[in-house]
Each structure stands twice: as structure tokens, then as C-alpha cells.
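Visitor: Please show me the model, and then let us go through its contacts by question and answer.

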Amino acid sequence: MDNGESSYRRFLAGDDEGLHEIICSYRAGLILYLNSFVQNINMAEDLTEDTFAELAIKCPKFSGKSSFKTWLFAIGRNITAKCLRKHAKLSVVPLESQENLADEENIERNYIKSEQKRMVHQALHRLKLEYRQVLYLIFFEGFSNAEAALIMKKSNRQIEALLYNAKKALKSELVRSGFEYEE
Amino acid sequence: MKNDDEMYRIVLSRREEYRKKKEKRIRTFRRTAPVLACLCFTVVFGLRFWDDLAKFSRVPRQPDIIDKPMTETSETTAAADTTESSSMDQEMIIAAVSTTISAQNTETGMVAATGSPQMQTVTAAVSGEESYREPEHETIEHTETQAPVTTAPVVETEPVIEVQTTPVQTVTEAPVTIVYEPEPITTEPPGTAQAPGPPPVQDPFDPSVQEPVAPPAQPISFDDITAIADAIYNNDVSSYPEQAQEVYLRMFEKIRNDNFVYQPLDNELISLREDLSVYLFPDAVYEDVGIGYYATYKGKLYHVTFCYADPYVVSRTDGIAEYLKKRMGRRSDKEIVIQNQTVSELITNDNRIYASSFIDSTHYYDIVTSASEDEVMDFLSIFSYEQIHLKKSR
């Protein structure tokens with residue numbers, strides 16, 4: 001039982017502090033993950049808030065078939081997908097048009113400590129949606145291939161193929177932007 | 001950007017807001033649900049009884065007028081006391097069952113000829129009124145000679161009518177003698193006939209069917225079955241009031257289609273009263289086409305009417321009691337089974353008993369008497385009837 005699960009159980013038992021712990025643990029990572037969908041940090045923050053509100057209001061049952069973090073990110077992804085379907089905003093917003101770039105940089109700086117990783121994360125914005133998601137989940141959040149497959153609702157083989165192609169695309173993107181890439 | 005604490009507070013506030021909305025929804029539901037349930041119940045209840053309510057609003061108030069003139073004289077006769085009670089009963093029955101004989105009487109002037117107080121039994125209703133009420137009989141005592149109460153002026157076409165002045169029964173009641181004239185009218189329609197068209201089928205539940213403005217057609221009296229057969233096959237109704245002619249033609253055709261009529265079986269126990277007329281009852285909202293006879297059993301007088309049931313109402317009802325209720329609004333106090341037949345029985349406030357039962361799907365009999373209930377049961381247990389073919393009887 002990871003901390004998220006125990007915190008959630010305490011919250012279901014009536015201890016609101018459990019929800020506070022969940023928010024503290026997963027807020028930043030969830031925002032950045034959802035940002036890989038919507039490419040808008042404020043919208044990603046609102047969607048993250050919606051995800052925690054979903055937990056707080058509807059209190060969905062956690063069955064324990066996956067880790068709590070995987071389950072939470074899957075909920076966030078479903079809410080985001082529903083929101084995008086509703087607003088038909090699947091188009092990628094160019095970096096230049098992002099209004100709150102500073103906010104994203106702040107949260108990125110706080111959450112991703114390594115400078116090198118931050119550069120890679122910024123390079124992700126120029127990749128395809130699915131490449132961004134799989135790379136973020138596996139290299140920044142530390143999910144396994146199976147967990148990433150669960151969150152993205154894909155099979156393991158699809159994740160492996162997606163990861164291979166995403167790495168290739170990221171490599172060429174980094175080379176093009178002058179990143180010193182070590183084999 | 002919100003930090004962790006801000007997001008936590010926002011999430012909790014959203015949860016509280018959601019809970020308040022939920023409680024409000026529940027409160028609203030609890031307030032409105034009983035009202036909606038009552039409304040739905042009322043609608044369902046209303047729809048369920050819509051037919052009955054619609055029917056009640058169209059059931060007319062009762063038959064028309066019965067005019068049974070009775071002459072009282074100051075003569076004192078020495079009639080035997082033992083015959084008094086039975087004679088009185090018979091008069092009551094005769095007065096009650098002959099539902100309508102008014103227009104003709106008005107025209108004949110027969111009543112005026114008597115020149116003495118008379119008793120009228122009025123069963124009745126003014127056509128055109130919408131409210132329903134149970135059959136009601138009231139007795140009006142007139143202190144001067146006057147025509148029976150009618151609801152519309154009488155047309156001047158007079159049938160050929162013979163006035164019988166011979167009293168049939170005498171009631172001695174010191175110091176007054178009541179002389180009853182059971183059958184003051186005999187009709188002999190002329191022989192010329194015109195073939196009527198097919199009778200229109202009236203739906204008693206159709207709201208478009210308007211009640212007649214003119215007074216309903218009155219029953220016609222005949223001496224015997226032969227006279228009835230002649231009248232039906234001559235098909236001449238020109239001697240009757242104009243507004244009633246079409247009704248009589250329909251009645252004749254209905255009987256002619258059967259080519260027979262029912263008649264109580266005359267045996268050593270039940271005897272038909274040949275001195276009293278046989279009546280033909282036309283179709284009306286309060287009664288079916290029928291033929292009525294007087295019969296005597298153990299000194300009690302019974303009026304037996306064989307009626308033609310309305311097939312439309314028969315198809316929508318189950319049993320004689322329901323039929324009578326739907327067809328003419330008559331209630332049934334009890335149903336009894338006699339001779340494997342279900343008989344609907346109604347006892348009125350003046351202890352008159354109505355007993356009705358289906359003969360087949362299109363015929364039923366209706367017996368009226370002032371005998372006691374046990375006597376009626378006794379009568380019904382031996383009561384039987386036969387078919388009389390009209391052509392043969394001619």
C-alpha cells in the first residue's frame with residue numbers, strides 16, 4: 001500500500017487531511033501530465049483540480065488493481081479527454097501563444113530538479129501528443145511500461161512501439177535544438 | 001498558479017457546494033414528490049372512471065308520465081273485504097309498469113270525460129336535462145280534471161282511439177269506491193303502410209347524440225298478440241304523433257326482424273291476464289324495445305316485459321346487472337341464480353320488486369311486482385316462456 005492509497009482510505013473514513021496529503025503528493029506531476037494533453041498550464045491546473053474534486057465529491061472506489069498514482073492519473077486523463085471532447089480543443093497550442101509560460105516554468109522548475117531533464121521536458125512540447133504522454137509518464141513520473149499502458153489505455157506492445165518512436169522523435173528534436181546528446 | 005493548500009481549500013469548498021446542492025435537490029424532491037404523486041393518482045383515477053362519469057352526465061332522468069286515471073265516486077258498494085288488498089296491489093303494479101301513456105290520453109279527452117279526481121303516477125324526467133338521478137316515482141293527486149303532464153305541446157294528429165268506460169276492477173273502501181280503468185286506450189292503426197328506412201344505430205355513449213327535445217314515444221297497447229302482429233306487418237304509424245312515428249317504425253322493424261315475440265307460458269299456476277292489454281314499449285334512453293304482459297300467480301299481479309337488449313351495450317358489459325346499470329342506470333340490489341339463470345333484483349322504496357334476467361344474448365325479461373320477495377322467488381322458480389311466431393298468429 002503506497003502513501004496515496006492509505007491517504008485516500010483515511011479520506012474516505014472522514015479524515016480530510018488524507019485529501020490534503022494526496023494533493024500535496026500528486027498535484028504538480030498531474031498538472032504537468034495533463035499539460036502534455038492540453039498544452040495550457042492553466043487549463044491543466046483546472047483539470048487537476050477537477051480530478052481532485054472528483055475524488056472528494058464522488059469518492060470513487062479504489063480496487064487496488066494498480067498503484068494509487070496510476071489510478072489517479074487515469075482519472076485525470078479521463079477527465080481531460082472528456083473536457084477536450086466537450087470543447088473540441090484537440091489542436092496543439094503553439095508555445096508562443098501560451099499566456100502563462102512563466103507559471104509553467106515555475107512548476108516545471110519546482111517539480112523537475114535536473115536542468116537537463118527540464119530541457120528535455122520543454123522539447124516534449126514539440127512532439128506528437130502520444131509521444132509526449134508516453135515519454136512524460138515513463139521518464140518523468142517513473143511509471144513502468146505496463147502502468148503507462150494502463151493509464152493511456154493501450155496494450156504493452158503498443159506502448160513499446162510508441163516509446164521507441166517517441167525516443168527517436170525526441171532525439172532528432174533535441175539534436176535540431178543544439179542539445180548535446182550522448183549515446 | 002495555486003499552491004497545494006489553495007487547491008485543497010478549493011476542492012473542499014467545491015465538495016461543500018455539491019453537498020448543499022444535493023441536499024436542496026432532496027428537499028425539493030421530498031416537497032414535490034407527494035404533490036406529483038397525488039396529481040398522477042388523480043389523473044389515473046380520472047382516466048379510469050372517465051367513461052362512467054361521461055355516461056352519468058348523459059343518463060336522462062326518468063321515464064315520462066304514467067297516466068292511470070282512477071275514478072272515485074261517492075257511491076258505497078258492498079264489495080267483499082277479502083278482495084280489497086289484492087285489487088289494490090294489482091292497481092299499484094299496473095300503474096307502475098306502464099311507463100308512459102300520456103300524449104294519447106291528452107288528446108282523447110278520456111280523462112275529461114271522467115270528470116272526477118284522478119291519480120297519476122309520474123315517473124319522470126324532463127328530457128334535455130343532463131343530471132342523472134335514480135328512478136323516482138311520485139304520485140300527484142289532482143283535484144280537478146286535467147291532462148297528464150307533458151313536456152311539449154301535443155301534435156294534433158290523433159290516433160283512432162276507443163275509450164273503454166267499463167270498469168274492470170272495483171275497490172271498495174268505505175265510504176269511497178275507487179273504480180279502476182286499466183286500459184282506457186285501444187289503438188287501431190290504419191292499414192296503409194310506408195316502408196321505413198333502416199333504423200339508425202345510436203351509440204348511447206356517443207357525446208354527439210343529443211337527447212330529444214320532443215317527449216319520448218309512448219308505449220302502445222294492443223288487445224292481444226294478433227293485433228300486435230297486424231300492426232307490425234301493416235307498419236302503419238300514421239295515426240300516432242308525428243314525432244313518435246319514426247321510433248315506432250324502428251320498434252316494429254326490430255320485432256319484425258325476429259319474427260317472433262316471447263310470451264309467458266300460461267299454465268295452471270301462472271295465468272296470463274287476457275282482460276288487460278299487451279303493451280309494446282318503444283326504444284328510449286330509459287328502456288329497451290319490449291313487449292309487456294300481465295300475469296297472475298297466487299293472486300298477485302306480475303308485469304312481465306320481454307325486452308330486446310342493446311347489442312352495443314351487451315358487448316361492453318358482463319351480466320344483466322351491469323347491462324341494466326350501463327344501459328339505463330338501474331341499480332341491482334342483489335343477484336340470484338334461479339333455474340340456472342342469473343336474475344338481477346331491485347327492491348324500491350315502496351317495496352316494488354324488479355327482477356330481470358337474460359334469455360339469450362339479445363333478449364331479456366323484466367318482471368315488476370309488488371309481491372313479497374319470497375313470492376317473487378316462488379314465481380321465478382316456475383316462470384317459463386315461449387316464442388310466438390308473428391306470421392302464424394296473424
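Guide: Buried area is the accessible area (1.4 Å probe) that two parts lose on being put together, summed over both. This is a predicted model, in which local features need pLDDT of at least 70, side-chain atom pairs count only at pLDDT 80 or more, and totals for chains, interfaces and linings use all residues. Residues are numbered from 1 along each chain as its sequence is written, chains are lettered from A and ligands numbered from 1 in the order in which they are written, and side-chain values use heavy atoms, with hydrogens and water left out.

Visitor: How much area do chain B and chain A bury between them?
Guide: The contact (heavy atoms within 4.5 Å) takes 22 residues from chain A and 13 residues from chain B. Of the area buried between the two chains, 61% is on carbon and sulfur atoms. The total is about 1700 Å².

Visitor: At what angle do the axes of α3(A) and α1(B) cross?
Guide: Helices are DSSP runs (H or I, at least four residues), numbered from the N terminus; here they are residues 41–58 of chain A and residues 4–48 of chain B. Axes are lines fitted to C-alpha atoms over the stretch in contact, with angles from 0 to 180 degrees between N-to-C directions. The two axes come within 9 Å and cross at roughly 50°.

Visitor: Which term describes α3(A) relative to α1(B)?
Guide: Angles under 35 degrees count as roughly parallel, over 145 as roughly antiparallel, 65 to 115 as roughly perpendicular and the rest as oblique. The crossing angle of α3(A) and α1(B) is roughly 50°. Therefore α3(A) is oblique to α1(B).

Visitor: How are α6(A) and α7(A) oriented to each other?
Guide: Helix α6 (residues 115–124) and helix α7 (residues 129–140) of chain A have axes that come within 10 Å and cross at roughly 160°. The two helices are therefore roughly antiparallel.
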